[in-house]
Amino acid sequence: MSTAEKIEERKLALSADEINRWAEKLENESSENIIRWACEKFGNKLAIACSLGAEDMVIMDIAVKIKPDVHFLFLDTEFHFQDTLDLLNKAKQKYKANIISVKSEYTPQEQAQKFGPQLFFTDPNLCCTLRKVVPLRGALSNYVAWITGIRREQAPTRRNAKVVEEDKVFGLVKINPLVRWTWSDVWDYIKKNSVPYNRLHDMGYPSIGCAPCTQPVRPGQDLRAGRWTGTEKTECGLHSPDDVKKV
Ligand code: SF4
């Protein structure tokens, strides 16, 4: 059975009513309590998305204190900045975190041969599907719930995100413990708790993705304005089914 069929067949770990009830109940809880709830509820069937962005580093700092062996999934697209890979090593050393690297079935060279060079410029939705959505779908088929660093303030597409919701891309329960946080809440936490972070944040990159698709932003610009600049694309498809291509 393919991963997609496995996901379609799988029943959500919580019913729609339960998801709504928990979303309401946890709306005003602290991020620590939300993460603790998720760890207790889903145990080893819970994974944490880890792009090593500022929000994800906050979640890692909180989560390892609650469940030291919790699984973090790092999408290694093989197009990351060196600074991001340096942070990955730092995070492994500091937290001894269980970080699982997830990769595309295609190396960048194989992708270029099969789909054309610089797919990230010619068809970024397909590139994100091949290097992020499909590999993550495979990895997440081993779990029933995942935690992400989504915040409502980040983008109009995220404004209605709930603390607990159904993830329609992956067929999982999705938990967003920082959903109410502002950008300054994130940085207050990082500074106060000496959380390691990507050096690029100090160089004008508030949101960091793959190197070919991430630019620094000017003061006052939207925090995600540097992602896929000059295109209509605003999401990689992990949080928005519309951006996922059929492959
Ligand atoms: S962010 Fe860019 S390089 Fe990374 S997977 Fe998406 S399109 Fe490809």
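Hi everyone, let me start with a contact between two helices: Ser31, Glu32, Ile35, Arg36 and Cys39 in H3 meet Ile62, Ala63 and Ile66 in H4. Contact here means that the C-beta atoms of two residues, placed from the backbone, lie within 7 Å. Sorted by class, the residues of this contact are five nonpolar, one polar and two charged. Nonpolar covers Ala, Val, Leu, Ile, Met, Phe, Trp, Tyr, Cys and Pro, charged covers Asp, Glu, Lys and Arg, and the others, Gly among them, are polar.

Before going on, please keep in mind that this is a predicted model, where local features need pLDDT of at least 70, side-chain atom pairs count only at pLDDT 80 or more, and totals for chains, interfaces and linings use all residues. Residues are numbered from 1 along each chain as its sequence is written.

Back to our pair. Two packed helices are described by the angle between their axes and the distance between the axes. H3 (residues 31–42) and H4 (residues 54–66) pack at about 50°, with axes 10 Å apart. The axes are lines fitted to C-alpha atoms over the stretch in contact, and angles run from 0 to 180 degrees between N-to-C directions. H3 and H4 are therefore oblique to each other; angles under 35 degrees would be roughly parallel, over 145 roughly antiparallel, and 65 to 115 roughly perpendicular, with the rest oblique.

Now the whole chain. It has nine helices and six strands, taken as DSSP runs numbered from the N terminus, with helices (H or I) of at least four residues and strands (E) of at least two. Of the 247 residues, 40% are buried. Buried means 20 or more other C-beta atoms within 10 Å of the residue's own, exposed means 12 or fewer, and partly exposed is in between, with C-beta atoms placed from the backbone.

Most residues other than glycine have a negative phi. Leucine 52, though, has a positive phi of about 70°, and sits in the loop between strand S1 (46–49) and H4. Leucine 52 counts as buried because it has 25 C-beta neighbours inside 10 Å. Glutamate 78 also has a positive phi, near 70°, in the loop between strand S2 (71–75) and helix H5 (82–95). With 14 such neighbours inside 10 Å, glutamate 78 counts as partly exposed.

Last, the ligand. Which residues are the closest to the ligand? Of the 13 that surround it, they are Phe120, Cys127, Cys128, Cys210 and Cys213; a residue is near if its C-beta atom, placed from the backbone, lies within 6 Å. Helix H8 (residues 124–140) gives the most to this shell, with five residues. The shell has nine nonpolar, two polar and two charged residues.
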